[in-house]
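The exercises below are meant to be worked with the sequence and the coordinates open side by side. Try each task before reading its solution.

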Amino acid sequence: MSVRRVTVATASLLLAVTAVGCSHGAATDSGKHPGALGATTSRSAGAGGAPAALHYGPGPQAKYSVQAQPPAGSCHFAYTQAKEPLEDKACTPGALNPKVTGGTLKTTICRSGYTATIRPPASVTDAEKAANAKSYGYTGPLHDAEFDHLVSLELGGDPNDPRNLWVEPPSPGHKAGAGPNNPKDSVESKLHTAICSGKVQLAAAQNAIATDWTTALSTLGLT
C-alpha cells in the first residue's frame with residue numbers, strides 16, 4: 001500500500017473515533033433530572049383517554065403571581081352521561097408539583113397541613129378564576145363554581161400552573177347559591193388516603209384523576 005493511502009486511511013479512522021466520542025458526550029449531558037425546576041421531561045400518562053403526558057409545573061412559590069389563562073372561549077366543558085362536568089383536556093391537561101414524588105410523600109402530601117402551606121392566596125386565584133371562566137365560556141354564578149386543581153394539591157398537583165386549573169361548574173342537584181359542592185372532592189380524598197396508606201401508587205392516582213375524575217376510583221379498584 002502506498003504512503004498516500006496509509007495517510008488517508010489513518011485520517012479517516014481518527015475522524016470516525018472523534019465523531020463517536022463527541023456523540024457519546026452530548027448524549028450524557030442532554031437531559032435534566034425529572035421533577036427539577038425547569039426540567040423539560042414529562043411522565044407518560046395512562047391510556048384510555050388520558051392526556052398525552054402529565055408535565056411538572058413550577059411547583060410551590062414563596063410568592064404567587066396571577067397567571068395568564070387560555071384565550072376567552074377557547075375551552076369547552078365535556079359532560080358524562082350523568083351530566084357531571086369534565087375539563088377540556090387541551091386547556092387543562094393537568095400539571096404536577098415537582099416537590100411531590102414517591103420518595104417525599106411523608107414530608108409533603110402525607111404530612112398533615114402540607115397543602116395549606118402551598119396554596120395560592122385568594123388575591124391571586126380570584127383573578128385567575130374570573131379569567132378562566134371566560135376561557136371556558138362559563139356564565140353561571142362564580143360563587144357556585146369551584147376553581148379546581150385538576151390534579152388536586154393533596155394528590156401532588158401543581159399549585160398555580162394554568163394547565164392544572166379550571167372553573168368547575170356545579171354538579172347535578174346542586175342548590176343555587178350554596179357555593180361549590182362537587183363530588184370530585186370526595187374522590188380526591190379517597191385517592192389521597194389510598195396513596196398515603198400504600199394501597200395505590202402516586203403516579204397511578206394522578207393519571208386516573210387527570211383522565212376522568214368520575215371513573216378514577218373504579219379504575220384503581222377502590223370502589
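For the first exercise, take an axis to be a line fitted to C-alpha atoms, for helices over the stretch in contact, with angles running from 0 to 180 degrees between N-to-C directions. The model is a predicted one.

**Exercise 1. Describe how helix 4 and helix 5 are arranged, and state which residues make the contact.**

Solution. Step two is to apply them to helix 4 (residues 184–196) and helix 5 (residues 202–211), whose axes come within 10 Å and cross at roughly 165 degrees. Step three is to classify the angle; since angles over 145 degrees count as roughly antiparallel, helix 4 is roughly antiparallel to helix 5. The crossing of helix 4 past helix 5 is right-handed. Step four is to list the residues: helix 4 contributes Lys184, Val187, Glu188, Leu191 and Ile195, while helix 5 contributes Leu202, Ala205 and Ile209. Sorted by class, this contact between helix 4 and helix 5 holds 6 nonpolar and 2 charged residues, with no polar ones.

**Exercise 2. Is helix 5 largely enclosed or largely open, and which of its residues are buried?**

Solution. Then name them, which gives Leu202, Ala205, Gln206, Asn207, Ala208, Ile209, Ala210 and Thr211. As background for the chain, buried residues make up 41% of its 223 residues.

**Exercise 3. Work out where Gln69 sits, whether Gln69 is buried or exposed, and what its side chain meets.**

Solution. First locate the residue: Gln69 lies in the loop between strand 2 (53–56) and strand 3 (78–79). Next compare its relative accessible area, 14%, with the cut-off for burial, which is under 20%; Gln69 is therefore buried. Finally, leaving aside residues up to four places away in sequence, Gln69 touches Glu128, Ala131, Asn132, Ser135, Phe147 and Pro162.

**Exercise 4. How many helices and strands does the chain have, and in what order do the elements run?**

Solution. The count comes to 6 helices and 7 strands, and from the N terminus the order is α-β-β-β-β-β-α-α-β-β-α-α-α.

Technical notes. Residues are numbered from 1 along each chain as its sequence is written. This is a predicted model: local features need pLDDT of at least 70, side-chain atom pairs count only at pLDDT 80 or more; totals for chains, interfaces and linings use all residues. Side-chain values use heavy atoms; hydrogens and water are left out. Helices (H or I, at least four residues) and strands (E, at least two) are DSSP runs, numbered from the N terminus. Angles under 35 degrees count as roughly parallel, over 145 as roughly antiparallel, 65 to 115 as roughly perpendicular and the rest as oblique. A crossing is left-handed if the near helix is turned anticlockwise from the far one by less than a right angle, and right-handed if clockwise. Contact means heavy atoms within 4.5 Å. Ala, Val, Leu, Ile, Met, Phe, Trp, Tyr, Cys and Pro count as nonpolar, Asp, Glu, Lys and Arg as charged, and the others, Gly among them, as polar. Buried means under 20% relative accessible area, exposed over 50%, partly exposed in between (1.4 Å probe, protein chains only).
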